[in-house]
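Here are my notes on the model you sent. Please read them with the coordinates open.

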Amino acid sequence: MKKQRRVRSPRFVVPNNEQAVVSIGAEKLKGTLHMLSLTGGTVRLERRFASGTFADIGIQTASGTFSAAIELLTTTRDNAQAFRFIAMGPVARGRLNDGLSKM
């Protein structure tokens with residue numbers, strides 16, 4: 001059996017302290033995006049959440065606003081909360097692709 005090599009999605013450092021809104025239940029928190037890729041990224045929030053917490057994220061891109069369901073992961077070395085995308089519509093996926101291609 002041949003081993004498959006996992007290819008990691010390219011990561012992009014987000015310039016200009018771009019803002020994101022993370023909604024957990026009724027609570028909305030503003031954060032600063034640090035890193036972003038097609039599969040997830042990191043955001044700096046004023047509070048830390050347990051790994052496995054589900055939320056929604058809204059991000060303003062050059063192509064328009066996009067939102068997606070995310071799962072928060074562990075905190076990184078630079079005190080940013082990692083997340084992965086769980087669900088995203090086709091329009092949002094296109095806006096994310098377009099925004100990343102312009103970075």
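The points below go from the helix to the core, the strands and the salt bridges.

1. Basis. The model is predicted, so local features are given only at pLDDT of at least 70 and side-chain atom pairs only at pLDDT 80 or more, while totals for chains, interfaces and linings use all residues. Residues are numbered from 1 along each chain as its sequence is written, and side-chain values use heavy atoms, with hydrogens and water left out.

2. Length of helix 1. Helices (H or I, at least four residues) and strands (E, at least two) are DSSP runs numbered from the N terminus. Helix 1 covers residues 90–101, twelve residues. The expected span is 1.5 Å times one less than the number of residues, which gives 16 Å here, and the end C-alpha atoms are 16 Å apart, in agreement.

3. Faces of helix 1. A92, L96, G99 and L100 are the buried residues of helix 1; they lie on the same side of the helix because they cover an arc of only 95 degrees around its axis. The arc is taken from the directions from the helix axis to the C-beta atoms. P90, V91 and S101, on the other side, are exposed. Buried means under 20% relative accessible area, exposed over 50%, and partly exposed in between, with a 1.4 Å probe and protein chains only. An α-helix has 3.6 residues a turn, so residues three or four places apart point the same way.

4. What the helix packs on. The buried residues of helix 1 pack against strand 1 (12–13), strand 3 (27–36), strand 6 (64–75) and strand 7 (81–87). Contact here means heavy atoms within 4.5 Å.

5. Core. A nonpolar core is a set of buried Ala, Val, Leu, Ile, Met, Phe, Trp, Tyr and Cys residues joined through side-chain atoms within 4.5 Å. The largest one has 23 residues, of which L36, I57, F66, F83 and F85 touch the most other members. Strand 2 (19–24), strand 3, strand 5 (54–61), strand 6, strand 7 and helix 1 each supply at least two residues of this core, and strand 6 gives the most, with four. Beyond its neighbours within four places in sequence, F85 has contacts that include L36, I57, F66 and L96.

6. Strand 5. Which residues form the covered face of strand 5? They are A55, I57, I59 and T61, whereas F54, D56, G58 and Q60 make up the uncovered face. In a regular strand the side chains alternate between the two faces of the sheet.

7. Pairing of strand 5. Two strands pair if DSSP finds at least two bridges between them. Strand 5 is antiparallel to strand 2, with four bridges, and V22 has I57 as its bridge partner. Strand 5 also runs antiparallel to strand 6, with eight bridges; G58 is partnered there by S67. A hairpin of two residues connects strand 5 to strand 6.

8. Salt bridges. Counting a side-chain nitrogen of Lys or Arg within 4 Å of a carboxyl oxygen of Asp or Glu, there are two salt bridges. In one, E27 and R47 have their closest N and O atoms 2.6 Å apart; E27 is in strand 3 and R47 in the loop between strand 4 (40–44) and strand 5, 20 residues apart. E27 is partly exposed at 32%, as is R47 at 37%. In the other, R84 meets E71 at 2.7 Å, N to O, tying strand 7 to strand 6 across 13 residues in sequence. R84 is partly exposed at 40%, but E71 is buried at 14%.
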